[in-house]
Amino acid sequence: MIRINLKELLIPSWKVNDKISKISINDLLSKNIKALILDVDGTLISGNKPVLSTDIKFWIDNSKKYFYTYLFSNNPSKNRIKLIADELDLDFTYSGGKPSKRKLKKILDKIPYSSNEVAIIGDRVFTDILVGNRLEMYTILVDSVDYYGNKIENNNFQSIERYLARIITGDFL
């Protein structure tokens, strides 16, 4: 029987302390990453309106030159996630059910890389990081963005979630 350590499941492989577009492509390549699974709400766009900022769109377009890239969202609105996926010319999953592994595992099975060569990038510890670690992926925690694509400096929900994770793990997330 394998023991699961919740503490280890909540700690990201890399905490960026900024928004997704601040991640260096070279840093990802140096970590042997070959594919990216991207959360949508909070990570790429605000929860309010499905509008991509220019710098985030540019970062994703550039990353597609180096990595297989896929959108994976818990949002139940197919139309909302499809709108972003169409703009980025990416495949997607909506109603992903994170932190459940089931739907994400199906996507990973279609990607020709091992799970440790796939990075999941998201702004939530208890969904994005937890499911990624459960599937032995490389996990990257970023800060949420607002309507304009700016890093949210004081995200109350994210602060509470990271505080709870800190109580469990002892690490500052």
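Select Asp-41 and Arg-80, which form a salt bridge whose closest N and O atoms are 2.7 Å apart; a salt bridge here is a side-chain nitrogen of Lys or Arg within 4 Å of a carboxyl oxygen of Asp or Glu. Asp-41 lies in the loop between β2 and α3 (54-63) and Arg-80 in helix α4 (residues 78-88), so the pair ties together parts that are 39 residues apart in sequence. Helices (H or I, at least four residues) and strands (E, at least two) are DSSP runs, numbered from the N terminus. Arg-80 counts as buried, at 12% relative accessibility; buried means under 20% relative accessible area, exposed over 50%, and partly exposed in between (1.4 Å probe, protein chains only).

The model is predicted: local features need pLDDT of at least 70, side-chain atom pairs count only at pLDDT 80 or more, and totals for chains, interfaces and linings use all residues. Residues are numbered from 1 along each chain as its sequence is written, and side-chain values use heavy atoms, with hydrogens and water left out.

**Further salt bridges**

The whole structure contains ten salt bridges. Next, select Glu-117 and Lys-34, where the closest N and O atoms of the salt bridge are 3.8 Å apart. Glu-117 lies in the loop between α5 (102-110) and β5, and Lys-34 in the loop between α2 (25-30) and β2, so this pair ties together parts that are 83 residues apart in sequence. Glu-117 is buried at a relative accessible area of 17%, whereas Lys-34 is partly exposed at 27%.

Move to helix α3, which holds both Asp-61 and Lys-57, four residues apart, about one turn of the helix. Their salt bridge has its closest N and O atoms 3.1 Å apart. Asp-61 is partly exposed at 29%, and Lys-57 is partly exposed at 25%. Then select Asp-39, Lys-98 and Asp-128, which are linked in a network of salt bridges.

**The sheet**

Display the strands: six of them form an open sheet in the order β1-β6-β5-β2-β3-β4, with parallel pairing. Strands β1 and β4 (92-93) stand at the edges with a single partner strand each, so one side of each is left without a neighbour in the sheet. Two strands pair if DSSP finds at least two bridges between them.

Select β6 (residues 138-141), from which Tyr-138 and Ile-140 point one way and Thr-139 and Leu-141 the other, all of them buried. In a regular strand the side chains alternate between the two faces of the sheet. Two bridges join β6 to the parallel strand β1 (residues 14-15), with Leu-141 as the bridge partner of Lys-15. Strand β5 (residues 118-122) pairs with β6 in the parallel sense over four bridges, and here Gly-122 stands opposite Leu-141.

The bridge partner of Ile-37 in β3 is Tyr-70.

**The second largest pocket**

Finally, select Asp-39, Asp-41, Gly-42, Asp-123 and Arg-124, the closest to the centre of the second largest pocket among its 16 lining residues. A pocket is an open set of points on a 1 Å grid over the protein atoms alone where a 1.4 Å probe fits, with protein on both sides within 12 Å along at least five of seven lines; lining residues have an atom within 4 Å of a point. Helices α6 and α7 (156-169) each supply at least two residues of this lining.
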